Amino acid sequence: MRLTADELLEHCLGKPGAWQDEPWEGDTVAKVGDKIFAFLGGGESVGIKCGNNREEADELVRSYPEDVTKSAYIGRSGWNSVRLGGAVPDDEILELVDTSYETIVAKLPKSRRPPIPT
C-alpha cells in the first residue's frame, strides 16, 4: 500500500502550526505561518523545499531522475516536485516533507514560529 495524497496531507497538517490553504483553485498547499512548506496540488506529487539552493536539491533529482523534478518557477531556490507512488520510498517522502517544514519554520521570525510540543 503506497502513501496517498490524503495521507500526505494529514501528515502535513499534523505538524505544529500547519494549516491547509488553496491559494489557487484546485491547488492545495500546507502552510506554517504564512509560508508554504508543501505544494500538494492535485495529489499526484508534492512540491517541497529540498535544499538551500539548486545544487543541494539536484542531489535528489540525480537519485530519482524519473520521479523528482525541479519545481517550476521556484526550483532555482531548492524546490523539487516528488511524484507519489514512484521510486521514492514513502518514508523518504515523509522525511522530505518534515525537512521542508523544518526549513520553512526556521526562516520564520521567532515570534511567528509555532510552539514546540513538549
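**Close-up views of a predicted protein model**

**Figure 1. Phe37 and Tyr101 are both buried.** Buried means under 20% relative accessible area, exposed over 50%, and partly exposed in between, with a 1.4 Å probe and protein chains only. This is a predicted model, where local features need pLDDT of at least 70, side-chain atom pairs count only at pLDDT 80 or more, and totals for chains, interfaces and linings use all residues. Residues are numbered from 1 along each chain as its sequence is written, and side-chain values use heavy atoms, leaving out hydrogens and water.

**Figure 2. The whole protein has three helices and six strands.** Along the sequence, the pattern reads α-β-β-β-β-α-β-β-α. The radius of gyration is 14 Å, close to the 13 Å from the globule rule for 118 residues, so the protein is as compact as a globular protein of that length. Helices (H or I, at least four residues) and strands (E, at least two) are DSSP runs, numbered from the N terminus. The radius is taken over C-alpha atoms, and the rule is 2.2 Å times the number of residues to the power 0.38. The C-alpha atoms fill a box of roughly 40 × 30 × 30 Å along the principal axes. Of the 118 residues, 41% are buried.

**Figure 3. Three aromatic pairs occur in the structure.** In one of them, Trp24 and Phe39 have ring centres 6.3 Å apart and planes at 20°, so this pair is stacked. Trp24 sits in strand β1 (residues 18-24) and Phe39 in strand β3 (residues 35-41), so the pair ties together parts 15 residues apart in sequence. Rings of Phe, Tyr and Trp (its six-membered ring) pair if their centres lie within 6.5 Å; planes under 30 degrees apart count as stacked, over 60 as edge-to-face and the rest as tilted. Trp24 is partly exposed, at 45% relative accessibility. Phe39 is partly exposed too, at 27%. Trp24, Phe39 and Trp79 form one aromatic cluster.

**Figure 4. The rings of Phe37 and Tyr101 have centres 5.1 Å apart and planes at 80°, so they meet edge-to-face.** This pair links distant parts of the chain. Phe37 lies in strand β3, and Tyr101 in helix α3 (residues 90-107), 64 residues apart.

**Figure 5. Asn80 lies in strand β6 (residues 79-83).** Asn80 has 0% relative accessibility and counts as buried. Ile48 is 32 residues from Asn80 in sequence, yet their C-alpha atoms are 5.7 Å apart in space. Contact means heavy atoms within 4.5 Å. Setting aside neighbours within four places in sequence, Asn80 has contacts that include Val46, Gly47, Ile48, Cys50, Arg54 and Ala57. Leu60, Val61 and Val68 are also among its contacts. Across the protein, residues 24 or more positions apart account for 49% of the contacts with a separation of 6 or more.

**Figure 6. Tyr73 has a positive phi of about 70°, although it is not a glycine.** Most residues other than glycine have a negative phi. Tyr73 is in the loop between β5 (68-70) and β6. With a relative accessible area of 75%, Tyr73 is exposed.
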